[in-house]
Amino acid sequence: MINIEFIFPEIFLSLSIMFLLILGVFKKNSSKLIQNISLIVLLITAVITLNETFGTSQMFLFNNSMVIDYLSSFMKIITLLAAFLVLVISSNYLKTFKIFKIEYPILILSSVLGMMIMISSNDLIVFYMGLELQSLALYVLATFNRDQLKSSEAGLKYFVLSALSSGLLLYGCSLIYGFTGTTNFNLITDQLNSNEYALTFGIVFILVGLAFKISAVPFHMWAPDVYEGSPTSVTLFFTMVPKIAALTVFIRFLYVPFLNLIDQWQMIIIFLSIASMLFGAIAAIGQTNLKRLIAYSSIGHVGYALAGLATGSNDGIQSSVIYITIYILMNLGLFSCLLMMKRDNNYYENIDDLSGLSKNHPLLSISLLVILFSLAGIPPLAGFFAKFYIFKSVLEQSMYFLAIVGLLSTVVAAFYYLRIIKIMYFDKEKEKYDTDHSLWLKFSLAASTLLILIYFIFPGQLIEVVSRINII
Amino acid sequence: MNFPILSSLILLPTIGALFLFFTKSNRENNITVKYVALFTSLVNFFLSIYLWILFDQSTSEFQFVEDRVWIENLINYKVGIDGISILFVILTTFITPLCIISVNNSVKTRLSEFLIAILIMESFMIGVFCSLDLVVFYLFFEAGLIPMFLIIGIWGGARRVYSAFKFFLYTLLGSVLMLVAIISIYWISGTTDVVQLYELGIDAKYQNLLWLAFFSSFAVKTPMWPVHTWLPDAHVEAPTAGSVLLAAILLKMAGYGFIRFSLGLFPVASEIFTPLIYTLSVIAIIFTSFIALMQEDMKKLIAYSSVAHMGYVTLGIFTIQQQGIEGSIIQMISHGLVSAALFLCVGVIYDRMHSRLINTYGGIVSIVPKYAVLFMIFTLAALGLPGTSGFVGEFLILMAAFKDNFLVAVIASFGVIIGAAYMLWLYKRVIFGKLVNLDLKQMLDLNKSEMFILSCLAAPTLIFGFYPEPIINTIEVSISDLIKVYNINLINN
């Protein structure tokens, strides 16, 4: 193999997972050690990815079944960094619930490995393998707090619905294979002319499966329950990391083999996008649990990311990538706040628990204020720019309806973000929360808030990196 | 590159706010905190006066222009001022220190946060008036929502939550369509630079929709009838300093936007939609004046009178004549001074008696004579008595309106009479009459800082009433050239 260095990150990660498993079996009480090694592994993998692949504009491996390009390298690095931060800020939470076990970091690492394979896949079978590897790890993670009824319920629900969607996805794959005779993305392109309508069936099934994974309306039903039931640190992982991989697959699947069938799938994506934006905005209004609210808000945000994909242009893809990056930054801050709402070994997750936060914890509440306004897309915060790029690329294609619906739903969404701010700032204060948070938690909150706040000073940097992504 | 004076104007209050943020706030250093804020805003004020001195009145070119690449091939950070915007910048820097002095009595809790919000607000407001790029303009225009939402919501009255939400969501809803329009302009013309757009012009077939999108935003902000309903709520519940900022400066953003963007960029559409603006303006003038007559809450009364006064402004702008637009700008400046003063006047007696209802008062002329005199000046200025700045603006607007559309002008003139009625009746009921409420005897007259603030506002009101030359000289060339550009683009398209 001449080009083996391009999958060094994946190889390194899988070897580390095996090593950590063995270490966990033979060494007693090694959860802290394994956690630390996992963190280092994630960082090293990110560095390898940066070094080995980031300069590559396009490289096919393993008989064209994997592809390494700017998109895959960028998304992998984001995935690895996000996973690193999730792991590092969740340790206190896990210790509180006495679930700080060796399996946790290892499961996260394996799902990250699955995502990296998904991100690089250029073949339906490789893609499906990656998807299942990450999903299986995620099912277990959802039930990780197994003594709690809600957590087990969340895991089971996630498993059943996800299995259903995987089934649909596989059916779609088999249809496409049946009509084109190949599972490779590049080769499918050549076979498009033969059976356009039959292929559309396959595309629809695969899109349904993918929409399940990123919880786009109308395939979102699992998200609020699973997000609420899972341990908060796992919810944090769910809202951020799998979305990156699924979005990348969305991009690759739609734009590499089926770009010429854009008339067939564009309406579907527009529908998914509009439905997610509107539903996410409206359904979140009545929520009282913060994690459920975040679930609905993430459904809405997925809608915006999909709006970029609906354009059928490189600009649109880039804007989606920027959107998901900024969204992850905001979510990280949001969950850091959530993990700080702790009093006497109890975590609080209702909106009312934020009441009067600004009097007791001015710094925490000002960070949350910045993050929430940014999520609502108010300038000059980062969230505004994310939406700005999306709507810029949407309007380039003269899709006025999509843009106007999207912007109107930001107004609706602004309402529930404002409600949280109202509770924090305008209501009476409750008891204080603990302040002895881990340094990493404080760091991730401060860093994400600062980046959101000062993003407007150098918005060009992110664009410059992302503008190298060139799929079409 | 010269000294970036406009950017410093925009940045300075934010730096002051940052400084306050890092100062630990407690009871003892409330005074330090206040002095820091005051010092920052005063430096900004003097800087803007210096700007006025440097300003070249003989040209309509944008001056002190700074143009930096912000996002490659997309947005340039471009700021600059001409005769129209400089006055609004000075109005902003003039009103803000007065607001900061006035917080003495009205804001009891979280003083340092309040001052931070005000200073950041000042940055954004100056940014709105200076920006020469549509995206930059939108950024500043929208960003102002955040501090104002907090000012109303945290330091406001009993129904503050409702009002803050209404203010935020109304304005946001209006503005998102403007964002669609701005991005569309980028794709139609390839730039969002206002100066270039003035030269290029925008294809006539797009203008109507774009104009409407901008209108939806500005109409809410102005506010025009029938989307004015957020204003009385916001005014009534906001703390005094918040009401002052809202009335004096925030409302002017929309008037400024109409002149700079609706007229400048979409002349064809402006021509088509002038009847719409006329109708809405006249309804606003007459209808809200009648509503103002019926109010029992002083702040509400002044809020409705603001809607009526802004009706004159929009009427004047869309006469598209030299006098009309000049009148509108003078009216906006004058309204900025007078409404700010009136809200402060209400604030003064509210701080003492904790009531804004008119029938609480009556017969206080002998108890608070100084207050009565100053309140009188502003009442008369609000109803447009000759010799006050209110008269100059209304007179010029009506004169231009008479040339353009006789019927509209006649109806609008009736508004002046109703305006006089509600203002004088308010004054009579509060200041004169029998002293029924005996608690009022304990009322203290203006203290030094209140006296200072109100005199500061009274002086320009009277000076510009008798001698409006400085304003007219500053705006004259810019307006005549704006009308020239307007007519050229109208013919070309």
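## A walk through chains B and A

Start by selecting Gly16(B): leaving aside residues up to four places away in sequence, Gly16(B) touches Val36(B), Ala37(B), Thr40(B) and Leu119(B), where two residues are in contact if their C-beta atoms, placed from the backbone, lie within 7 Å. Before going further, note that this is a predicted model, in which local features need pLDDT of at least 70 and side-chain atom pairs count only at pLDDT 80 or more, while totals for chains, interfaces and linings use all residues. Residues are numbered from 1 along each chain as its sequence is written, and chains are lettered from A and ligands numbered from 1 in the order in which they are written.

Back to Gly16(B), which sits in helix α1 (residues 5-22) of chain B. Helices (H or I, at least four residues) and strands (E, at least two) are DSSP runs, numbered from the N terminus. Gly16(B) is buried, with 25 other C-beta atoms within 10 Å. The cut-offs: buried takes 20 or more other C-beta atoms within 10 Å of the residue's own, exposed takes 12 or fewer, and partly exposed is in between, with C-beta atoms placed from the backbone.

**Next: α4 of chain B**

Select residues 111-130 of chain B, which make up helix α4. At 1.5 Å a residue, the 20 residues of α4(B) should span 28 Å, and the end C-alpha atoms are 29 Å apart, which agrees; the expected span is 1.5 Å times one less than the number of residues. Because 20 of the 20 residues of α4(B) are buried, this helix is largely enclosed by the rest of the structure.

**Next: α9 and α12 of chain B**

Show helix α9 (residues 204-221) together with helix α12 (residues 267-294), both in chain B. Their axes come within 8 Å and cross at roughly 55°; axes are lines fitted to C-alpha atoms, for helices over the stretch in contact, and angles run from 0 to 180 degrees between N-to-C directions. That makes α9(B) oblique to α12(B), given that angles under 35 degrees count as roughly parallel, over 145 as roughly antiparallel, 65 to 115 as roughly perpendicular and the rest as oblique. The crossing is right-handed. By definition, a crossing is left-handed if the near helix is turned anticlockwise from the far one by less than a right angle, and right-handed if clockwise.

Move on to the loop between α9 and α10 (230-237) of chain B, the place of Pro223(B). A cis peptide bond joins Thr222(B) to Pro223(B), with omega about -10°. Pro226(B) lies in the loop between α9 and α10 too, and a cis peptide bond joins Trp225(B) to Pro226(B), with omega about 5°.

Then select α10(B), where eight of eight residues are buried. Among them are Trp230(B), Asp233(B), His235(B) and Glu237(B). The buried residues pack against α6 (145-155), α7 (160-189), α11 (240-265) and α13 (298-317) of chain B.

Which phi does Phe62(A) have, although it is not a glycine? A positive one, about 50°. Phe62(A) is in the loop between β1 (58-61) and β2 (66-69) of chain A, and counts as partly exposed with 14 C-beta neighbours inside 10 Å.

Ser215(A) also has a positive phi, about 55°, and is not a glycine. Look for it in the loop between α9 (196-213) and α10 (222-229) of chain A. With 26 C-beta neighbours inside 10 Å, Ser215(A) counts as buried.

**Last stop: α14 and α19 of chain A**

Finish with helix α14 (residues 314-340) and helix α19 (residues 439-454) of chain A, whose axes come within 8 Å and cross at roughly 140°. α14(A) and α19(A) are therefore oblique to each other, and their crossing is left-handed. Residues of the contact include Leu329(A), Gly333(A) and Cys337(A) of α14(A), and Leu441(A), Leu445(A) and Ile452(A) of α19(A). By class, the contact of α14(A) with α19(A) has ten nonpolar, five polar and no charged residues.

Methods
Ala, Val, Leu, Ile, Met, Phe, Trp, Tyr, Cys and Pro count as nonpolar, Asp, Glu, Lys and Arg as charged, and the others, Gly among them, as polar.
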